[in-house]
Amino acid sequence: MLTVEKILKFRVLDNAILISLFILEIIVSFGLGLSIFNIIFSLYQNYPNLKQMIESLINNTLSIFIMIEIIKSINDYIALKRVRISVIIDISIIILLRELVIGLYQHNISTEFSILLIGIIFLLVIMRVITLKYSPNKYKLEV
C-alpha cells in the first residue's frame, strides 16, 4: 500500500531527476553552441592550410551530431520517462562512425581495427532495424 511518505519521496525524486536532466540539457546545448563557434574559429585560424581546415571541420561536425543525439535522448527521457534503446543505438553508431571517419581521414587506423569497427557498426544497424520493427510504440520508417 502506498503511503503519503512514499508518494512524496517519489515525486521529490522524480522532480530532482527532471531538474538535473534539464540542467544537463542546458549544459550540452551550451556546448553545442560552443562547438559551432569552434568550427568557425578553427576555420579562420587554419585558413591558409586547407588540409587542417577540412580535418577540423570533419572532426567538429561529427562531434556536433553526437551532441544533437544526446540532447535528443535527454528530451525523449523527459517526455516519455524512459530511455529508448533506439536512441542509444543511434548515438553508438554515430560515435563509431565518427571514429572510423576520423581514423581513415588521418590515416592512423589499422585495417584490422577498421574492419572491426565496420562489423560493430553493421551489428548495431541490424539492432536498430530490429528496434524499429519490434518497438512498443510501433514507429514507422520515415521515407
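A charge sits over a ring if NZ of Lys or CZ of Arg is within 6 Å of the ring centre and within 35 degrees of the ring normal. Keep that in mind for the opening view of this predicted model.

**View A. Lysine 133 meets the ring of tyrosine 134.** Here the charged end of lysine 133 sits over the tyrosine 134 ring, and the distance to the ring centre is 5.8 Å.

**View B. Two phenylalanines pair up in helix H1.** Search the whole structure and you get 1 aromatic pair. Its partners are phenylalanine 37 and phenylalanine 41, which are stacked, with 6.4 Å from centre to centre and 15 degrees between the planes. Both belong to helix H1 (residues 4–45), and they are 4 residues apart, about one turn of the helix. Phenylalanine 41 has a relative accessible area of 42%, so it is partly exposed.

**View C. Here is the largest nonpolar core.** Eight names to look for, 8 residues in all: Ile89, Ile93, Leu96, Leu100, Ile109, Leu117, Ile121 and Leu124. Helix H3 (85–106) and helix H4 (111–133) are the elements that give two or more residues to this core. H3 supplies the largest share, 4 residues. Zoom in on isoleucine 109: leaving aside residues up to four places away in sequence, it touches Leu100, Gly103, Leu104, Ser114 and Leu117. There is also a second, separate core of 6 residues, and Leu32, Ile39, Met67 and Ile71 are among them. As a rule, nonpolar side chains in soluble globular proteins tend to be buried together.

**View D. Helix H4 and its buried residues.** H4 has 23 residues, and from its first C-alpha to its last it reaches 33 Å, close to the 33 Å expected at 1.5 Å a residue. Which residues of H4 are buried? They are Ser114, Leu117, Ile121, Leu124 and Thr131. H3 is included in what covers them.

View E. Most residues other than glycine have a negative phi. You'll find lysine 81 in the loop between helix H2 (50–80) and H3, and it is partly exposed, with a relative accessible area of 41%. Histidine 107 lies in the loop between H3 and H4. With a relative accessible area of 71%, histidine 107 is exposed.

Definitions and conventions
Residues numbered from 1 in each chain as written. Predicted model: local features only at pLDDT ≥ 70, side-chain atom pairs only at ≥ 80, totals over all residues. Heavy atoms only, no water. Phe/Tyr/Trp six-rings, centres within 6.5 Å; stacked < 30°, edge-to-face > 60°. Buried < 20%, exposed > 50% of the residue type's maximum accessible area, 1.4 Å probe, protein only. Core = buried A, V, L, I, M, F, W, Y, C linked by side-chain atoms within 4.5 Å. Contact = heavy atoms within 4.5 Å. Expected span 1.5 Å × (residues − 1).
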